[in-house]
Amino acid sequence: MTTVLVVGAHPDDPEIAMAMRMRWYALNGARVRVHCLTTGAVGPNSTSPRREEALAAGAILGVDEYTFSNIPDTRFVEHRGEINTELFSVFREARPDIVYTHFPDDQHLDHNITAQEVTTVALREANNLTYFRSPYSRNFEPTNVFVGTHELLDSKEAALKCFASQRQLDMQVFRKLAEVGYRQHVHHRVVERFPPGWTCAELFRTVRQIEFARPAH
């Protein structure tokens, strides 16, 4: 069984970037684990509804395990050593085949630090590493375009609706991005050859992919 580990800085980051992809993995027999470095709480004694919202979203997408570290939101700079230690623990427990995380060139500092630390650990602990695009990614040029169906997009919408505390999550915007965002990277002649109904996409950039030759028959 393929094990997929998605590491995000905050609850809702993985769902915004790749909910369709996560749902597809779950439907096709992969074990999907999501780990967020913060629950969204800003201090040790504060609470955030985003943890429960994330668990509800994960249930919709078929995530097998949704876990969290307790890094204070927006305080990743001061906690880089703790983040590194946490990530090594998560990787050695999950033993992932495929890892997804933020693209390093990101306007949000928590995203940037997450990408750097996950990259450091993943290149030692996993075969395959891929970056996903967030709304704050800069200079992102995809090497992998995952084209999904409207059923997968409906699952993404349902998952994002779980994050009621995040009022900026306008699904009309995210649906439109899924439907048109890839067109700046894929020539229209290629898009015209897409199968009917396959019109939504999420964008990724491959960092490393290791393939093993299978014996010839």
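Mentor: One term before we start: two strands pair if DSSP finds at least two bridges between them. And keep in mind that this is a predicted model.

Trainee: Fine. How do β1 and β4 pair, parallel or antiparallel?
Mentor: Parallel, over three bridges. Strand β1 covers residues 3-8. Take L5: its bridge partner in β4 is V99.

Trainee: What is the strand order in the whole sheet?
Mentor: The order is β3-β2-β1-β4-β5-β7-β6. That makes seven strands in an open sheet, with mixed pairing.

Trainee: Which strands stand at the edges?
Mentor: β3 and β6. Each has a single partner strand, so one side of each is left without a neighbour in the sheet.

Trainee: And what does the twist average?
Mentor: 25 degrees from one strand to the next.

Trainee: What does α1 touch in the sheet?
Mentor: α1 packs on the sheet and touches β1, β2, β3, β4, β5, β6 and β7. Its direction makes about 90 degrees with that of β7.

Trainee: Pick a residue from α1 for me.
Mentor: M20 lies in that helix. M20 counts as buried because its relative accessibility is 0%, and the cut-off is under 20%.

Trainee: What is M20 in contact with, leaving aside its neighbours within four places in sequence?
Mentor: F146, T149, L152, L153, K156, C200, A201 and E202. Look at K156 in particular. The C-alpha atoms of M20 and K156 are separated by 5.8 Å, yet these residues are 136 apart along the chain.

Trainee: Switching to α2. What should its span be, at 1.5 Å a residue?
Mentor: 16 Å for the 12 residues, 50-61. The expected span is 1.5 Å times one less than the number of residues. The end C-alpha atoms are 16 Å apart, which agrees.

Trainee: Which residues of α2 are buried?
Mentor: R50, E53, A54, A57, G58 and L61. Seen down the axis of α2, they fall within an arc of 140 degrees, so they line one face of the helix.

Trainee: What covers them?
Mentor: The cover includes α1, β3 and α5.

Trainee: Which exposed residues sit on the face turned away from the buried side of α2?
Mentor: E52 and A59. Also check what comes just after α2: G62 takes a positive phi of about 85 degrees.

Trainee: Now α4. What span should its 17 residues have?
Mentor: 24 Å, at 1.5 Å a residue. Its end C-alpha atoms are 24 Å apart, so the two agree.

Trainee: Which residues of α4 are buried?
Mentor: D110, H111, N112, I113, T114, A115, E117, V118, T119, V121 and A122. They pack against β1, α1, α3, β4, β5 and β7.

Trainee: Let's do aromatics. How many aromatic pairs does a search of the whole structure find?
Mentor: Eight. One of them is Y66 with F68, which is stacked: 5.3 Å centre to centre, 20 degrees between the planes. Both Y66 and F68 are buried.

Trainee: And F103 with Y131: what are the distance and the angle?
Mentor: 5.9 Å centre to centre, and 70 degrees between the planes, which is edge-to-face. This pair links distant parts of the chain, 28 residues apart. F103 is in the loop between β4 and α4, while Y131 is in strand β5. Both F103 and Y131 are buried.

Trainee: Which residues form the aromatic cluster?
Mentor: W24, Y25, Y100, F146 and F204 form one cluster.

Trainee: Last one. Is M171 buried or exposed?
Mentor: Buried, with a relative accessible area of 9%. M171 lies in helix α6, residues 171-180.

Trainee: What does M171 touch, not counting residues up to four places away in sequence?
Mentor: E157 and L160. The C-alpha atoms of M171 and L160 are separated by 7.7 Å. Those two residues are 11 apart along the chain.

Notes
Residues are numbered from 1 along each chain as its sequence is written. This is a predicted model: local features need pLDDT of at least 70, side-chain atom pairs count only at pLDDT 80 or more; totals for chains, interfaces and linings use all residues. Side-chain values use heavy atoms; hydrogens and water are left out. Rings of Phe, Tyr and Trp (its six-membered ring) pair if their centres lie within 6.5 Å; planes under 30 degrees apart count as stacked, over 60 as edge-to-face and the rest as tilted. Buried means under 20% relative accessible area, exposed over 50%, partly exposed in between (1.4 Å probe, protein chains only). Helices (H or I, at least four residues) and strands (E, at least two) are DSSP runs, numbered from the N terminus. The arc is that of the directions from the helix axis to the C-beta atoms. Contact means heavy atoms within 4.5 Å. Axes are lines fitted to C-alpha atoms, for helices over the stretch in contact, and angles run from 0 to 180 degrees between N-to-C directions.
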